[in-house]
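Please walk through the structure below, starting with the whole chain and ending with a single residue.

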Amino acid sequence: MTATLTRIVDLDPFPLPASMLFPGRDLAELAPYRDVLAPDHVDFEAEAILLGVQSWLVRSAGLTVLVDTCVGEHKARPARADWHQRSATQYLANLAAAGVAPERVDVVLCTHLHADHVGWNTRLVDGRWVPTFPNARYLIGRTELAHWAAVNGSNPAGAYADSVLPVVEAGLVDAVEDGHEIASGLTLMPHPGHTPGQVGLRFAGPHGPTVICGDAIHSPLQVYRPEWSSGFCVDPGLAIASRVALLEDAADRGTCLLPAHLRRWTGMRIRAEGDAFVPDFL
């Protein structure tokens, strides 16, 4: 069964200094690929990487699955001015425009638990964080959930406190294993390295076999430079291994890769040219 795929935008563009996202790397190395990467993915003049913060809405097998829930509103994020205490955004309106009310979401898949992937898990109602999608099961990799529970301990803070713990306490979270099948044709894949238990979703999409791969790939520039791990990766070496495995598999099988922050497009096909990879945008 072929799924339908819709982008639900929260924040676009979201620019990050290249020195922050890829510390120690030189954008000059990407000059041969400038025509592909600019202007959508890299602002060479500003030395910035351009990301989209969005959910991917997958409808298949009678289910409505929302993959990652972006930044959210009213969240205290002082380190990121454009995330901090946001209000009156268009996210839920964008979801409604796709024909989906929050109550109609069946599954929320959190590829990992960074703040820009869990923010709309909850919304502020009468001073309390309540689940935005009250009838959904929130799926989180067991390793991922255990890691952040241990990090937060008895003093939860930040995104874990306002966007993860409330849905856990509401009894809506399923801690799932790698390979978990949401339904026929919707399977979770392990992509560790960026975080300890990051997962992705494999399904039959409009461009053929598709993998939503979270932050295993932040930007198409990493197709050309898979050895560039982000400054936010907990295990850069493992992140590289996961990314290379994704690219090799995609090149071999014709799989469409869909990074969480990919702007403008609904996927990339990967070609192998010698020892290098090349993206074709879809």
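This is a predicted model: local features need pLDDT of at least 70, side-chain atom pairs count only at pLDDT 80 or more; totals for chains, interfaces and linings use all residues.

Residues are numbered from 1 along each chain as its sequence is written, and side-chain values use heavy atoms, with hydrogens and water left out.

The chain has seven helices and 16 strands; helices (H or I, at least four residues) and strands (E, at least two) are DSSP runs numbered from the N terminus. Its radius of gyration is 18 Å, close to the 19 Å that the globule rule gives for 282 residues, so the chain is as compact as a globular protein of that length. The radius is taken over C-alpha atoms, and the rule is 2.2 Å times the number of residues to the power 0.38. Of the 282 residues, 51% are buried, where buried means under 20% relative accessible area, exposed over 50% and partly exposed in between (1.4 Å probe, protein chains only). Among contacts (heavy atoms within 4.5 Å) with a separation of 6 or more, 67% join residues 24 or more positions apart.

Helix α4 spans residues 142-152, and its buried residues are Glu144, Leu145, Trp148 and Asn152. These cover an arc of only 95 degrees around the axis, which puts them on the same side of α4; the arc is that of the directions from the helix axis to the C-beta atoms. Thr143 and Ala150, on the other side of α4, are exposed. The cover over the buried residues includes β8 (137-141), α5 (158-169) and β9 (173-176). Just after α4, Gly153 takes a positive phi of about 55 degrees.

α5 gives the most, with four residues. In total 25 residues line the pocket, and Trp83, Leu113, His114, Ala115 and Asp116 lie nearest its centre.

Gln54 lies in strand β3 (residues 48-60). Why does Gln54 count as buried? Its relative accessibility is 3%. Leaving aside neighbours within four places in sequence, Gln54 is in contact with residues including Arg7, Ile8, Val9, Asp10 and Cys70. Ala260, His261 and Leu262 are also among its contacts. Gln54 and Tyr91 are 37 residues apart in sequence and 8.8 Å apart in space, C-alpha to C-alpha.

Methods: On a 1 Å grid over the protein atoms alone, a cavity is a set of points where a 1.4 Å probe fits but cannot get out, and a pocket is an open set with protein on both sides within 12 Å along at least five of seven lines; lining residues have an atom within 4 Å of a point.
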